[in-house]
Amino acid sequence: MDQNYVQGLHNLLVQSTSSDTVQLKAATATLNKEYYKNPACISALASIIASSPENAVRQLGAVELRKRILQKSGDLWIQLPQEERQTIKSKLPELVLQEPEKIIRHADARVVAAIASIEIPLGTWPDLLPWLNQQCASPQVSTREVSIFILFTVLEHIVEGFQEHLQNFFKFFEGLLVDPESIEVRITTVRALGVIAQYIDADDKADIKSFQALVPAMIGVVGQAIEAGDEAGARQLFDVFETLLILEIPVLGPHISQLASFLLQCGGNSALDTDMRILALNALNWTVQYKKSKIQAQNLAGAILEGLMPITTEPEPEDADDDAPCRSALRIIDGLATSLPPSQVFPALRTLIQGYFSSPDPNRRRGAMLALGVAVEGCSEFMTPLMPHVWPVIEAGLHDSDASVRKASCVAVSCLCEWLEEDCSARHATLVPAIMQLVHDPATQRSACTALDALLEILHDVIDQYLQLIMEQLAGLLDSAPLPVKTVVTGAIGSAAHASKEKFLPYFQPTMNRLQHFLILTGEGEETELRGIAMDAVGTFAEAVGTDVFRPYFPDMMKQAFQGLEMGSARLRECSFLFFSVMARVFGEEFSPYLGNVVPALLSSCSQTEHGEENLANDAEIAAAFASGSSPANAISLTEDGDGDAEIELEDVDVDKMLEVNSAIAVEKEIAADTIGALFAATRGHFFPFVEQCTLELVNLLSHYYEGIRKSATDSLLEIVRTFYELSDHQDWQPGASVQVPLSPNVKELVGHIIRPLLEMYETEDNKSVVAALCVGLAETINKIGPAFIEGQLENICSIAAQVLEQKALCQQDPDQEEDEEAPEDQAEYDSVLISSAGDLVSALANVLGADFVQPFATFYPLISKYYKKSRSLSDRSSAIGCLAEIIAGMKSAITPSTQPLMDLFYTALGDEEAEVQSNACFAVGLLVEHSETDLSPQFPQLLSALRPIFNVTPDAPVARLNAKDNAAGAVARLIYRNISAVPLDQVLPVFVESLPLKHDYLENRPVFRTLFHLFQSSPQVLFPYMDRLLMVFAHVLDPSSSDQLGDEAKAQLIQLISVLNQENPGKIQEAGLSAFVPGA
């Protein structure tokens, strides 16, 4: 070897470790140009790491040697003469053992791994593995430490060549896991097992079982690392377990309970370092998320909650972005509530909350209230009947003597308002005064304003009695409160506008005047957030006061939104996009002149890259973020390969900074993707020039790593198809498997571009909310466009619905569940949402296929009906019956062969304890009677008896009961219409007429009035005793001051009927206030 060449390379490496940026750049340029394209540099670097007296140079030499070996898939290494390669392979492993500096040993070990990744697949380094096995068994502890690290790095690079040795590895590692002298050996062994686990075949039960046998010892090593205070090692081990948790093979198998218990013990140990506790709790959160079937099967939720509750009582950091064990514990409670059946979570949690809330310790009361708040999202349906017992706790919390408990109670109210809207709105008389009192307490002001924001959002008509008081008091805070409070106050005023709609008008201009200076803030942090929330609020004002009132502000507000795009803040761009969406909704086609500026901004957002380095301001920042070679630990981590392409070492990237940037950009992209569909729907044909480019960009986003973006892209793509179809010259579609009304060529082409990528996305989609959005979006689009939308894709779309209903979709799969094992009936409320969305998709298919749905119905009926069982949740039972009702509506008379099985199921559902299920059952029974060709008249007495109790409700009953009564009226109307002689009118009509007018489900006015018209025409005498009541009903439904309750056709028929009745008895018509509807009046 040319020693001058080696010395020249050595000198340049020395120069590269200088802190002088000019020297560093010059050295890097020379190395890339004169050395790193020549295979000889590999031998020279190997010589340097063996002989240089300078640590920094040896480390840098190892880093560069690994890169050169791997460069262009090993091309430079392969060019090296075989003899030189053999020399390096024979000497390098021993050299690693002799290297005195740990950080350099690790760099050298990575060089061995790089060579192994090329040589082992070629079968040209057969003695490496036996040598490593021998060295790992050495009596010298330092040799074992280095050897297992080399093996670990080799496995990281290449496992394929070692897969036949897995059983030997397991036996070998079993001993190393209990190395008597070195925690480092034990830690590295666990890390090596973490790599091997990723290559175990799901069908290889022996390997899985062998790995599972090592898990208890692996858990033990984590405990030993924590006990030894080895934070770096513990972090690495937690990383391993998080990897094992997300694998699609059950490597942790029978040890989930032990793992959860260990993690809970670490997380709850206040003697441990805070970061260690957070790591343990984060791993427990992953355990809940990814091993929920094991947690559920072993009923571990209660024990986990018992361990978490004491942690929730610990102090909370002031900064909302700082993590702490108490916040981690609350995240896990949230995870338990959303991942598991609420029956396993809420009863145990409720008992704990009651105990904690009755404690004299305010920290325990605060913890109880926060735990209640985070549990609502996943347990809202389950909690609803228990709310009378929950409200006293909430109200006591809002008046607690301790400010931290009052703040926590405000948080709980915010959560309740989001998920239990009806219950919270009904408590307005208690909640509004209590929260308003806390708004004026500096200790609780911000939390109280957030709770008020959530409450106002849902008050609707009730807000009238509070609006003046609320606006007067909040307006003052806009002038005097600290910035963070101004932000939540602004949000609360936006919610007040949303709820009060046109009644907000008197407050609109004064509030706009107060918000003006928030809209021009340019500072970062709190100022950015206030500006963004103010922009959101202004959009809500526009929707409340309407187009004409807001129009004078429209151009200036658009100008502010465009400025927000230019300020370098992902948050402000997000708020501007939301504002564009609202303005387009408010102004419709009047928004179209702005499309030329808005759409490019949206597309630019959708296509932007998401790495930390692109968001750094300049080269100096890049150098700072990616190291400058000023110390051996970070020596040149930003380099170029032989072709001048920049390479960045992942381990040197500021991962936290990168994730923070990526998270903000991902949310911005999610909003941008969502806005695209909204703009097309609002601006109609003016959007045509942008459709193609937007469609292509949205299709690209279907493979994005962030589920929120995939969901938004899915929604917008389907919105684009529906809008494009609406704007095409189309006739109404006809139901049936064969397309009788073809799509226009442009629409058909667009459908082709969109439907295939969506179906491909489903195949790899592991997020339930995205699949639910896809099912709902497909259902809406199928109902809109008809059979032509599913042409050629019927089997694939049916397969999606069937897989979800069978709980076999990828997003529902659980590696710990046997393939032929049925999913448990008791499931999380979020799982029920997914099942319901699949039902929507099946209903849509039945609607467009009509009589041709007979064959698919045979497949779907058992899949849907199994969700109606007493053991199933309210949501499952209700959606199953509702789905079958919609299928009957679509299939019409083709449902006849299945009449009796359906009727038997509906009888059971009519007697369900929940009004929501009864309501759907009434609807279903009525449709079956209407459409089946089987004569169901003999069953009318039994049916009427089943329907009768549903009419027994008081005016102040819950909405669900009132809704069920409306649907029962619709069912009775359908029975009368189908066979008037089979209904005992003298018994039925008094109850039927007394149930009118319908108050909630106006769609049922269609069968109700169709039947009334039929009776007036065929047997008017039966209605004469009820004329006063009926005329009052007619006046109610025709009231011009209320929303349309009939539809144009029924309204016209009713007015015609009134005209006839007026000829017979004009006094009655006048008395009922219906004279205005008499023609010529």
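Me: What describes the packing of helix 8 and helix 9?
Reply: In this predicted model, helix 8 (residues 128–136) packs against helix 9 (residues 141–157) at an angle of about 145 degrees, and their axes are 8 Å apart. The axes are lines fitted to C-alpha atoms over the stretch in contact, and angles run from 0 to 180 degrees between N-to-C directions. Helices are DSSP runs (H or I, at least four residues), numbered from the N terminus.

Me: Which residues of helix 8 and helix 9 meet?
Reply: Contact requires heavy atoms within 4.5 Å. Leu128, Trp131 and Leu132 are among those in helix 8, and Ile148, Leu151 and Val154 among those in helix 9. By class, this contact has nine nonpolar, three polar and one charged residues. Ala, Val, Leu, Ile, Met, Phe, Trp, Tyr, Cys and Pro count as nonpolar, Asp, Glu, Lys and Arg as charged, and the others, Gly among them, as polar.

Me: Why is Arginine 573 called buried?
Reply: Buried means under 20% relative accessible area (1.4 Å probe, protein chains only). Arginine 573 has 17%, and is therefore buried. This residue lies in helix 32 (residues 570–587).

Me: What does Arginine 573 touch?
Reply: Leaving aside residues up to four places away in sequence, Arginine 573 touches Gly564, Leu565, Gly568, Gln608 and Glu668.

Me: On what basis are these values given?
Reply: Residues are numbered from 1 along each chain as its sequence is written, and side-chain values use heavy atoms, without hydrogens and water. Local features need pLDDT of at least 70 and side-chain atom pairs count only at pLDDT 80 or more, while totals for chains, interfaces and linings use all residues.

Methods
Helices (H or I, at least four residues) and strands (E, at least two) are DSSP runs, numbered from the N terminus. Buried means under 20% relative accessible area, exposed over 50%, partly exposed in between (1.4 Å probe, protein chains only).
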